[in-house]
Amino acid sequence: MLINRIVLITLALLSLSSFAQNVEREKLPPPRELTPEQAKVASANYQKYCSLCHGVDRQGHANDHAPSLRSKSLFESGVPHAILRPMSYGRQGTAMGGYLDEVGGPMTLDETWDLTYWLFWQAGVDRVKLSTNPVLGDVQRGEVVYQENCATCHGKKGEGITAPALGNQSALAHNSDEFIRYAIEKGRNDTPMVAFADKLSSADIDNVTAFLRSQASGWKQETQVLKHIPTPKEYIINPNNDDPNFTLNEQGYVTSADLYAALKAKKRMVLLDTRVPSVWQTAHIEGSFPLPYYTDFDALEKELPKDVQIVAYCSCPRAAADYLTNKLTDRGYLKTAVLWEGIFGWQNLGYPVKRAEGINDSKELSSSTH
Ligand code: HEC
Ligand code: HEC
């Protein structure tokens, strides 16, 4: 009996392993199922929080080159953490902020997990099993491959131009080597990221992956103490002084230089940070209040006066701020303006921001300028 069983098991294992050689990669079981109620909330959360940049159909690139959240290769290679972590903690120095309540975002842990699985089910692809081993390669050769084939979109230093910042420390910390390699090999379907499987040798794909990994500094997510979020009643800065009377630039925006001058001259205004509040927690222009693009406008209208000068900014550099000021204009707010350069542009020009620890710095550049 026992011997029979062992023979059977051995046969089964043998046939499994020969099967595994025929198909390219082993499949993972499907992700956790959502109840209809969970799926409904996840879908609504997606539209409320994510569609501004990732697009109403998850196609990506609606604003600020936010990647597709439905491409086949992303979800095939997707260990859930590849979606959950950027959603929860963001990618520091890019327009992607963190949405988990722990870092000052609007979503609970359950909601972020449900949205992660909802995205998997919407993509509707089988997940493949990727190795967690490091990808070994020649880093110097990888850098040459990178500068020749990747830098035009991803930036000479991986800072991201029209494509994700591959040198971003939070991205490198969150993504495994095989996840990165898979994206290079397969590309990202229906996006400008083509498959390099037939453009580069397998060894060069290893080399460029090893080069990207060599850029990682061992960054870790830091926990920070969250600041009190002010209410709209507290919004007006210098309430007893004059309005700034901005001259807008050709495109109809207020420049960093003019905003800085108005703040120094203690002009009366409301300065709104329209990003997800977690990034306001990390760094913001002093005097600003977090009022995210997905705010409850009915509640706001009751408290925020209509005649005061409002200046809005984001890091997109203008997508969220434009969206929010358009909503305000529709509701009869008379004086709204958007910061032309966005907060990263502001920082890159050398203007100060207030950081989480209360440190004011004026010269430090953000890790990504897009
Ligand atoms: C024509 C522009 C372009 C070029 C050239 C290009 N990429 Fe991309 N890449 C993109 C875009 C755009 C995305 C985001 C796609 C999406 O919407 O998901 C991307 C995504 C990626 C991703 C996935 C990132 C993530 O976090 O999921 C990796 C890894 C990547 N590219 C590596 C490379 C490497 C390595 C090269 C050179 C061998 C390269 N790319 C060349 C445009 C480009
Ligand atoms: C203000 C624009 C913006 C909003 C809103 C936004 N994102 Fe992003 N997201 C980005 C950008 C830009 C990137 C790429 C950053 C980089 O790596 O350079 C990104 C990257 C990501 C990634 C990594 C994808 C990949 O291919 O590696 C995920 C996952 C993601 N976002 C999920 C979400 C979810 C879920 C929401 C809503 C809860 C959301 N994002 C809201 C701009 C945004």
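Modeller: Take Met193, which counts as partly exposed because its relative accessibility is 22% (buried is under 20% relative accessible area, exposed over 50%, partly exposed in between, with a 1.4 Å probe and protein chains only). Keep in mind this is a predicted model, where local features need pLDDT of at least 70 and side-chain atom pairs count only at 80 or more, while totals for chains, interfaces and linings use all residues. Residues are numbered from 1 along each chain as written, chains are lettered from A and ligands numbered from 1 in written order, and side-chain values use heavy atoms, without hydrogens and water.

Biologist: OK, which residues coordinate the iron atom of ligand 1?
Modeller: His154 through NE2 and Met193 through SD, at 2.0 to 2.1 Å. Donors here are N, O and S atoms within 2.8 Å of the metal (3.2 Å for Na, K and Ca), and water isn't among the atoms, so sites may look incomplete.

Biologist: And where do those two sit in the chain?
Modeller: His154 is in helix α7 (residues 151-154) and Met193 is in the loop between α9 (177-186) and α10 (202-214), 39 residues apart. Helices are DSSP runs of H or I, at least four residues, numbered from the N terminus.

Biologist: Is His154 buried or exposed?
Modeller: Buried, because its relative accessibility is 10%.

Biologist: Switching to ligand 2, what are the protein donors of its iron atom?
Modeller: His54 (NE2) and Met96 (SD), lying 2.0 to 2.1 Å from the iron. His54 comes from helix α2 (36-54) and Met96 from the loop between α4 (81-89) and α5 (109-123), so the pair ties together parts 42 residues apart in sequence.

Biologist: How accessible is Met96?
Modeller: Met96 is at 23%, so it counts as partly exposed.
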